[in-house]
Every structure is written in structure tokens, then in C-alpha cells.
Amino acid sequence: MPNSRPLIAALVAVGALCPVRGLDAQAAALHVPVVIDTLDNGLVLMVHEDSSAPIVNVNVWYHVGSGDEKPGRTGFAHLFEHLMFMGSEHAPYPEFDRRLEAAGANNNGSTTEDRTNYYEEGPANALPLMLWLEADRMGWMLPTMDSAKVDLQRDVVKNERRQSYENQPYGMVWDHLPRMLYDASHPYSWPVIGSMADLSAASLEDVKQFFREYYAPNNAAIVVAGNVKAADVKALAERYFGAIPRGPAISRPTPEATPLRGDTLLVLEDRVQLPRLYYAWHTVRGWAPDDAALDLAAYVLTGAKNSRLTKEMVYEDQTASSVSAFQDGKRLAGEFMVIATARPGTTLPTLQQTIDAEIARLAADGPTARELEQAQNAFEAGFLDGLESVGRKADRLNAYYYQLGVPDAFQRDIDRYRAVSADDVRRVVRTYLTGPRAVISVVPQGQASMAARERMTP
Amino acid sequence: MIIDGSTARRLSGSAAFLSAVCLASSCAPSPQAAPPAPVPASATPGIMATAPDLGPAPRLVLPSPTETTLPNGVTVKLVGMHEVPVVQAVLSIEGGARLDGELAGLATFVGGMLDEGAGERDAFELAAQIEYLGASLGTGAGWDATTISLRAPKRTISEAMELMGDVVLRPRFATEDVERQRDLRIASILQSRDQPGAVANNVFGYTVYPAAHPYHRPIGGDSSSTVQLDSATVRDFWNHAADPRKATLVIAGDVTLEEARALATSALGSWRAPSSAPAGPGSAAEPPRPTTRVFLVDKPEAAQSVMMIGAPGVTRSSPDYSAITLMNTILGGSFSARLNDILREQKGYTYGARSSYSWRPLPGPFVASAAVRTDVTDSSLAIFFDEFRRIRSEPVTQQELDRAKSYITLSALGEFETTGQVAGELASLEMFGLTLADIPKEMDQIRALGAADVQRAAERYLDPAHLTIVVVGDVKNIRTGVEALDLGPVTLLDHEGNEVTP
């Protein structure tokens, strides 16, 4: 049986990486080398050379998400992401996709509360095309934008919403939950995809204004990872992005989340066979001191078959068909959730009892040393998994740069999980998961009696 | 499960339209003529005026696996990949759900039971040990194989491989574990009734394949087959299925051949073949291809209609594999393909439309599908059929042809990047009796195809007069429109494919 020890004791060399010895000679540091530059217009360029496969990944982050939207204008960041594929001055629609496919490359984009990203991945010789296309839509998209494009992608996004929310069992939870956790003025109080009404109201002028405000080189960072040379990438980036003017300085709101004053309960009747319980608490932002301990607490509750809630509810009592917990630390705030689906014949108060009791126990006693170590090992192994793919490395580097101002923070990320003690887990569970919470019960139609109950006052 | 609010431009991973592909060194894409540029809003540097010339694509160097056979018949294939200190092992045992017989869902159930307790460990102890080692273990079955995959850091791989040996050679199949997992599966089948995509998929199987065909019932079984599962049935199935002579172990990662052989021998060396002769590849009568008909499944108040249109396809060994792959890439196998271009990008009816051929040893289905807004259900169906007819009646354009050929042959460059991809690809090729050496040949075939070959593949393998249409949606709002299309007789079914009498 292994003793407590880092899994990555043998030096991890990733891509064309040089081993860098950590302070502890036993445990070497994980190092993903990056050449970082800032162009004159403020665009940050990061290059990670990895010659292990003949491919390249271009990963662009714009530092804007639904967290920058205003009430009545929800869903804009994501709608805008769709519009970024609708052509630009030198690559009119539909050239973006067609040229990339002809080069053997794939692409996509995604939007969260905090950022919008875009990527292309394909044969390494396609790098100039990828950068040219990204530059053209960063610098020369606005003149080609028209209301027909807005109307079309508005319809596509509404279908995306129908597919993921309205037509998805339990899907409407993600429309309601943000409102229960945040004041109406807080931008986390609406879902990233926005409301149907706001999507309908989006005008061409709104879209243009959004672009002028946020889609400037000084609000973007590009990672290029793959079989490339950093000097070549820099020359290409300067050639294509160099003439794009710097935009106005961007001020992003940083509203505080108002703490919940007490538990809030919502019952949703849906076309579902089995009731499902959702608990959500306010916690901390990503990378805040308690963020890693909350991740580990979630693992101790539901990360594996032998985790506490999974073992009790799915295996032993067999009251639940599934249970999961996670910490979601974002830019402005964080949330911890527990989600449990009942077995046939079980109602949600039964699930509540077990979950509440286990959280109370963890808040009182903390995890065992063995539980904590299993959780830490599982997290650490997760870091290794991301290191084989240039695409996953590129996105991770952009995330670290965004969160910490430093792209190569893999070792720092591992270290913060290793540094968590059992008492830290106990403390964060007591601090964050025993206070007021939002509770949603999704029950079959006409079965409101299956819903969760308010908790007994102690 | 949605764990954050991330919302993407398109579903990722949904379009697995390319299976084994590889690459070319030439194939510079032919740039399309750009329309005249609008008046520039800002000074445009000349460098932006035209797309860059890409020059030749890199060559793909395919992995060269080293092969060995254990005395008990297990084929072992090793690919050394030393970039990251991890090892991926995939054990694939030919068989799978196509051998389920009367008990639909049996193979996938047994596959899922393998890690619910094995050797000296119950399910909790096994999970605890796997996670403690920083490893991940997956067990399950597809239509054609049972697969056990293990991933571990190099430093714990030998301990982790012992656990793989336990789940293959010494699964417990304890009565209480079987009953618990059976009840969980019953709950999951119950829940799938609410998922329009799952309902459409099940009803598609019920209607496209006849009752005796292995693909008729869902791969995960249905409520009537699941209640019959018990420990004896599970044990009996595994005793026959777990045959080392039908097993291939692929190890990709940071190990040497000697280490790989030692790992395989220590984990699987004592595996003995069952006394029965190995089951053949399985066969089934060619499914009938009735004239086009429509099946509606009611989901009252549905915001969208989920539609699947298709028929039994062809086997992976078809001489027309490459032509069909190219044809489908143009029809619905890529983002720029005709179906997505029209239904999403021109009409805005859907978040995505696609088509695919499922390549299996027996003919898997051809399926074209989309989830569309309820009020354009009939218009969307009409567009699908227009496109089926068009790709048969007119040659594809040179641009479409060139783009699809490059896309297929060049995107292969990214398919051998990770140990998981390499191990998965090798295991998949093995199932079809193919090797990596066949991939360049197939790519050469793709490059040699012309518009006439695409048209011929469509004429031969995509017959709009013999398709099955399944639509899960709000019947009261879509029925009249669908009937008016006159595609074929319209029948109302329930979620298990039984006719609903009004």
C-alpha cells in the first residue's frame, strides 16, 4: 500500500519541456514552459512548444462573459460568440468554417459567466490561417455585421436554449437557480444563455456596441500550443494582429453577492419520472483560499463509489439513483451544490435527512486522513490527464493567465490541493454548508407532496 | 450533468463522423474565391487581403505497435509514448451486446458489474484503491465488444493492472450487488422516458430492425428484460464471454515492451479460456427495408421535435466504405455539411443537424437527425428529404468534394495525440480485423474519389423511398403538417415502440 506521497514524483516532462527540480528533491515540479509577449496594442500572446504531434491549437480568450451583462440584456455575450462565426471583412461568411475544414482543422467557441473562448485545432501548417481568421474577426468584423446575421443566430441560440433547458428533463432548474442565489442586479442572477425575451430584444446596435466595448486586443489573450516555434508564432501574430487598434480601457463590474438571509425553497413540477433535489450555497471565488478545500469536500461527499453520500444513498440505503456535489468557484463568487435523484418510491425529505446528517458530521469531525488522501490523489491524477493534449493545455494556460496573471501555474494548482488539511475541510464545510441555502425540488407533475421540506430549527 | 453555465456554439463530441482516418502530405486546400470585400472601415494592412498560403501539411507518422501474444491467447499491443508519465490500457473482448440473445441489455449490464466488487475487494474497496492510486478504471460493453479501460500514472500502473486482472478474472457478481445495480438500471430506464433523444433512439431501433435482430432493442435493455437479470445469469454470460482467445490488450504510454509484457502477464496470464468454443462473429438476417414510413411519439408541450431518419446501413468491411464516408461528410458529417448548413445556418430551425453511418461488423444504422423548433417540424423533414434526393440526383460541387476530402484526410493528424486516442483507435481497428497499415490505403482511396463516386454511393446506400422516420414531439401540433408531406404512412407509437390506438 503506498504511503502518502505525490503521484507525480517522477518528473513530468510535458511536451518539449525541461524538467525543473522543485525545492523538495523528491517531488519535482510540473512545468509547462510558455513564452509570453504583449503586442503594442495590448494583445497577450503565449506560446507553448510541443512537438509530440504534428498539430497546433490556437486558443483565444476574450475577458468578457455573461457576468458583464446588464439586466434586460442577458445572453448577449453568448449570442455574440455565435456571431463571431458569421464572417468578417476578408473572410466573409461562410469562409471561416469552410477554410478551416479544408485545412483539416476543427473549431468551436464557448461562453461562461466570466469569459468567452474560441479555438481552432488542426495540422500545424494551418497556423497562419487560424491566426489570420482570428485577427480578421477581431479587427474587421464590425463592417460586415447586419441584422440578418443577428436574426439568424438569435434563432439558433433560442433552439440551443430549447434543447438544453425547455426540452430537457430538469433543465429549467438552471434558469431558476441563479435568481434564487443572487439579487436581480447581480450578473450571476441569470443563466449564460439569457432569457428568450432578452434574446428577442437584441438589436444590431446592441451587438455593435458590445463588440466595441469588449472585443479589443487589450481584452484578449491567445495561447498557441503545438508543433510550432515561438519566434515564428510571434512574427505571424504581429503581422496579422499588429494593426488592430487598442480599444478603450475596460472596466468590469465586481459586485458582491448578497448573502442569503435564510433558506429559500422552490418546487418545480416537470415531466419527469423521479423527483430530484438541488441544494446550493454561496461559497468563495475560484482560487480563493477555501476554494480547493471545498473541491475536496465535494469529493469526500460524492467523488467516488466509496464517498460518503454515494455509499450511503446509492449503495446502502438505496434511496437515491444518483448523487453529486461540486464547488464552482467563478470570478465574482462561488457556489457549492449537492444534487440527488430519488429512487422510485422515495421522496425528497428522505434524501434531505441523509445529506443534512452527513454534512453535519463532516462539519463536526472532518474527513479521515485516508479519505482526504484519496481525494488529493484523485485531483492530482486529474492534472496529469490534461497534459497529453495541446488543446487542454492551451485552455488551461489561458485560464491560469486569466485567473492568476501567470500561464504556467500547474504546480501551484496541484500544491494548493496538497496543502489542504482535514481540519480545513471540516472548517469549510462548517463555514459554508451549514448556513442558508437555496433548495429546488423538481417533482413529477401533480406530485408537490414529494418536495423537500424546510429544515427543523435546531 | 451541467455543472456550470458554459454554453457552446455547437455541441462538442456529438459528431463522431470520422472513425479511423489518417493523413496526407499534399492536399493543400483549394482556396475558394472570395467575394469582393466591402468598403473597409479602418485602414487594412495589405497582409489581410488574402488568406495565407499554407504550404504542405505535415506527414503523420502512425504509431508502430509492437505485438506479442500471451500463452493463453491474449493479443498484446504496445505503443510507447513517453511524453507524460501515464499509461493507458484498453482490454477489448470481442462479443458485446449483439450476443445478448433474448435478454436485451445483458452484455452492458455485465460490463457494468465487473467493477462492482472483484477479487478480495467489494465495490467500495475497489473504488477506493483505484482512486488512491490516482487511476481510473472503466468497464462496459458496446454492440461488439466488452471493454475494460484503465489509466494510471506510471508509478502506480503495476498495482492498478492487478486490479484490472481482478475485474476480468475474479468479478464477484454477488447477489446483493447484482440486485442493486439492476434496480438502478430500472430507475435509469424509467428516467429515459423523459429524454426525447433517448426515446427517439430507442424507437428508431425498434422500428428499423426487426424483432429477431440484435439491434432491435436498446443496448441498455428495457424494463422487461432488466427485471430478469440475476446473479446466475450474469455469471453464466461472463463465463462464456470472458475468452482470452478473443481478447486484445492495448497498452499505450510510458512503458517499455518488457514492462508491458510483465504487466499483461501478471494481470491476465492466469486467465483460462472457457470450455466452450469461442462464439463466432455473430450474424443476423439482412434486415428488411420497407417503404418509407413515419412514426410519431407524443411528448405533450414539447418545445422541440427530435427527429431521426434512417435505415440499416452497411458493414465496415464494405468495399464502398470510403465512398460512403466521403458522401456522408458532404451530406451531414461536418459543420459545413449540407444538412447543418441549411437547417441551422440558413434557416435557424435547429442548434445542429447531422448524419452518420455507424460502422460495425454487422450493418449499423444510417441516421440523419436534428432537434428542431416544434412549428418547423414538417419543413425540417421536407429539407432532409430534399437533401437526400439532391445528393443522389446532382453531382456535388468541386469545392465540396475537395473540402471534404481534405477534411477527412488531414484531420487524422490530430487523432493519435494522446495515449487514450491511440489505445482506443488500435482496439477499434482490431474489432474490424484492420490494422494501422490499412489507414493510409483508405486515405488513398478517399483522395482518388470523384463527384461521380459520391453520387453513386448516395444512389446505392441512401434511398429516400426506404427510410424510417421517428419524431418525438408534441403530436397535436405536428401531426397534420407531417401527414401533409405525404412521406409515407404515419403511425403513433409509445416510448417502447408499441402502436398507440387512439
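This is a predicted model: local features need pLDDT of at least 70, side-chain atom pairs count only at pLDDT 80 or more; totals for chains, interfaces and linings use all residues.

Modeller: Among contacts in chain A between residues at least 6 apart in sequence, 78% join residues at least 24 apart. Chain A holds 15 helices and 11 strands, and buried residues account for 56% of its 458 residues. Its C-alpha trace spans about 65 × 60 × 35 Å along the principal axes.

I turn now to the contact itself. Chain A contributes 91 residues to the contact and chain B contributes 84 residues. On the side of chain B that touches chain A, the elements giving two or more residues include strand 1 (7-8), helix 2 (123-132), helix 4 (175-192) and helix 10 (338-346) of chain B. Strand 12 (350-357), strand 13 (365-373) and helix 12 (398-411) of chain B are also among them. Helix 4 of chain B provides the largest share of that side, with 7 residues. By residue class, the side of chain B that touches chain A comprises 45 nonpolar, 22 polar and 17 charged residues.

Strand pairing also links the two chains. Strand 4 (residues 106-111) of chain A and strand 1 of chain B run antiparallel and are joined by 2 bridges. Within strand 1 of chain B, B:Thr7 stands opposite A:Thr111.

Some backbone details of the two chains complete the account. Most residues other than glycine have a negative phi, and most peptide bonds are trans. The peptide bond from A:Tyr93 to A:Pro94, however, is cis, with omega near 0 degrees. A:Pro94 belongs to the loop between helix 1 (76-83) and helix 2 (95-102) of chain A.

In the loop between helix 10 (308-316) and strand 9 (320-329) of chain A lies A:Gln318, a residue other than glycine whose phi is positive, near 55 degrees. A:Gln318 counts as partly exposed because it has 17 C-beta neighbours inside 10 Å.

In chain B, B:Glu301 is not a glycine, yet has a positive phi of about 65 degrees. B:Glu301 is found in the loop between strand 10 (293-298) and strand 11 (304-312) of chain B. There are 12 other C-beta atoms within 10 Å of B:Glu301, and therefore B:Glu301 is exposed.

Key. Residues are numbered from 1 along each chain as its sequence is written. Chains are lettered from A and ligands numbered from 1 in the order in which they are written. Two residues are in contact if their C-beta atoms, placed from the backbone, lie within 7 Å. Helices (H or I, at least four residues) and strands (E, at least two) are DSSP runs, numbered from the N terminus. Ala, Val, Leu, Ile, Met, Phe, Trp, Tyr, Cys and Pro count as nonpolar, Asp, Glu, Lys and Arg as charged, and the others, Gly among them, as polar. Two strands pair if DSSP finds at least two bridges between them. A residue is buried if 20 or more other C-beta atoms lie within 10 Å of its own, exposed if 12 or fewer, and partly exposed in between; C-beta atoms are placed from the backbone.
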